[in-house]
Number of protein chains: 2
Amino acid sequence: METTSRAAAPRRLPPEERERSILDGAVALAAESGLEALTVRAVAARVGVTPALVAHYRPVMESFVAEVFTTIVAAERDEVIASYDPSVDLRTNLLRLIETLLDDSRDDVAMVWVQSWALGARNEALGTRVRTEMDLWHSALEDLIARAIVEDPVLREDPLRVDPDSSAWMLLAMVDGMSAHSLVHWAPRDRADLARRTLSAVLDVPVRDVPMPATPVPDAAQPAEHPAEHPAEHPAQPAETLR
Amino acid sequence: METTSRAAAPRRLPPEERERSILDGAVALAAESGLEALTVRAVAARVGVTPALVAHYRPVMESFVAEVFTTIVAAERDEVIASYDPSVDLRTNLLRLIETLLDDSRDDVAMVWVQSWALGARNEALGTRVRTEMDLWHSALEDLIARAIVEDPVLREDPLRVDPDSSAWMLLAMVDGMSAHSLVHWAPRDRADLARRTLSAVLDVPVRDVPMPATPVPDAAQPAEHPAEHPAEHPAQPAETLR
DNA sequence: ATCCCTATTGAACACGTGATCAACGAGTGA
DNA sequence: TCACTCGTTGATCACGTGTTCAATAGGGAT
């Protein structure tokens with residue numbers, strides 16, 4: 001049997017379509033196997049095309065990686081931010097957002113982020129894109145936090161208590177740190193509790209003041225995972241990809 | 001001129017010494033350039049020896065990487081934990097520890113950690129070691145936090161308020177997230193303020209209750225770094241290595 | 001049916017990777 | 001001084017990487 005390669009594309013596409021199909025293939029590949037998997041030959045095999053053609057459309061691999069990174073994380077950010085629910089209050093929305101970001105079905109995007117920090121330190125094209133995407137995340141979260149403060153009867157009285165800017169920094173750091181940890185299957189038993197504590201920290205409000213049941217526990221997975229436990233051999237690839 | 005390679009070692013060392021020199025060279029190399037730089041040839045050049053000899057002492061590169069990782073992060077953890085100062089209170093000690101961990105002169109160890117999360121997802125030998133080292137970090141921090149709570153007149157009254165276990169999880173996540181971000185030079189203007197907010201979150205205490213001047217500002221670096229600013233071209237390697 | 005533009009290919013280059021193994025030679029004990 | 005042990009080497013393998021380029025052939029225009 002062949003590997004999970006897409007069917008061979010019809011030959012001789014118009015350039016825009018081929019370009020699109022190559023980008024799509026690279027995005028899917030990186031979402032499944034990480035940015036390190038973005039090889040000329042691997043992308044070519046995925047798209048069903050010759051390595052030379054990939055190199056023809058994207059002559060410099062280094063910047064292609066940066067482009068794929070941007071595509072993946074921008075799509076994810078749009079998706080997460082768009083899940084905002086106007087029918088409930090902002091604090092609950094924030095809590096749900098945090099729980100979404102901590103969900104370990106998102107390990108694929110987490111891998112892309114973690115690799116981007118390592119690769120971006122020496123690949124300046126990538127580094128620039130990484131900073132840009134993080135700025136966008138920061139702005140979005142800062143906005144949500146600021147609105148949550150204004151909406152809150154207690155915090156509203158004390159406008160200097162919470163600085164949305166630094167709160168957004170902290171939130172990003174916590175979420176990114178936990179996502180990185182989950183890549184090696186190191187995660188706390190109770191993720192829901194951790195989300196509550198995270199929101200409590202972000203809003204500078206005691207933990208007991210954060211509502212307990214944000215999501216009505218979609219699936220009945222209770223025991224989760226022990227810190228130092230070994231997962232079954234090689235967990236293979238995470239089942240869920242980006243789109 | 002040659003690259004920054006160590007002087008050629010005298011020939012025919014006793015096996016323990018050669019083994020030690022190879023490990024030392026690999027540790028220094030990984031601390032400077034990351035775990036990805038650990039190739040048979042690079043280590044050999046560093047030690048001043050033939051690639052075949054490195055392969056002789058460490059026949060499987062994959063597990064050698066895991067060993068080097070452990071050596072580096074264990075040394076760093078010991079060093080940081082040992083900087084505990086019994087002459088001041090625990091809250092101040094915690095604040096200093098956080099400031100130490102956030103200091104960007106530690107980008108070399110941060111790179112090792114970030115790469116370990118990415119590589120550890122598929123290299124199970126490494127993944128196991130990563131979880132072990134993180135468990136040790138978690139225990140150490142949990143212990144410090146628990147003692148800080150007992151020592152604190154307010155928190156002592158309310159023993160259920162702060163759970164040292166989950167606080168340690170949060171602290172690790174925040175510190176690791178910020179360290180990862182700093183690899184691409186994405187860092188908040190005021191790191192000292194961020195350390196205060198982090199401690200506030202960990203102890204579940206309002207920010208205003210965390211003491212302001214923890215370190216008397218060793219150097220006069222004030223403006224620090226703007227989020228989206230581009231560093232000068234290639235910042236080369238960070239000057240400071242592990243030992 | 002023919003032409004011609006160009007999307008696409010096959011092949012090759014130069015390099016870097018981990019790993020293997022017969023052979024060398026320095027140092028030590030006899 | 002000899003001989004032997006074993007730390008060390010040089011060479012080589014099979015493979016994967018990005019990149020280049022002349023040559024091919026698909027398919028719309030004529």
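## Relation of the two chains

Copies are superposed here by least squares on the C-alpha atoms of residues with pLDDT of at least 70 in both. In this predicted model, local features need pLDDT of at least 70 and side-chain atom pairs count only at pLDDT 80 or more, whereas totals for chains, interfaces and linings use all residues. Residues are numbered from 1 along each chain as its sequence is written, with chains lettered from A and ligands numbered from 1 in the order in which they are written.

Chain A is superposed on chain B by a rotation of 180 degrees with 0.0 Å of shift along its axis, at an RMSD of 0.0 Å. The two copies are therefore related as by a two-fold rotation axis.

## Interface between the chains

With contact taken as C-beta atoms, placed from the backbone, lying within 7 Å, 43 residues of chain A are in contact with 44 residues of chain B. On the side of chain A that touches chain B, α9 gives the largest share, 12 residues, and that side divides into 24 nonpolar, 12 polar and 7 charged residues. Because 100% of the interface residues of chain A are also interface residues in chain B, the copies meet through the same surface.

## Surfaces near the DNA

A residue counts as near a strand if its C-beta atom, placed from the backbone, lies within 6 Å of it. DNA strand C is surrounded by 22 residues, of which A:T50, A:A52, B:T39, B:V40 and B:A55 are the closest.

Around DNA strand D there are also 22 residues, and A:T39, A:V40, A:A55, B:T50 and B:A52 come nearest.

Technical notes:
Two residues are in contact if their C-beta atoms, placed from the backbone, lie within 7 Å. Helices (H or I, at least four residues) and strands (E, at least two) are DSSP runs, numbered from the N terminus. Ala, Val, Leu, Ile, Met, Phe, Trp, Tyr, Cys and Pro count as nonpolar, Asp, Glu, Lys and Arg as charged, and the others, Gly among them, as polar.
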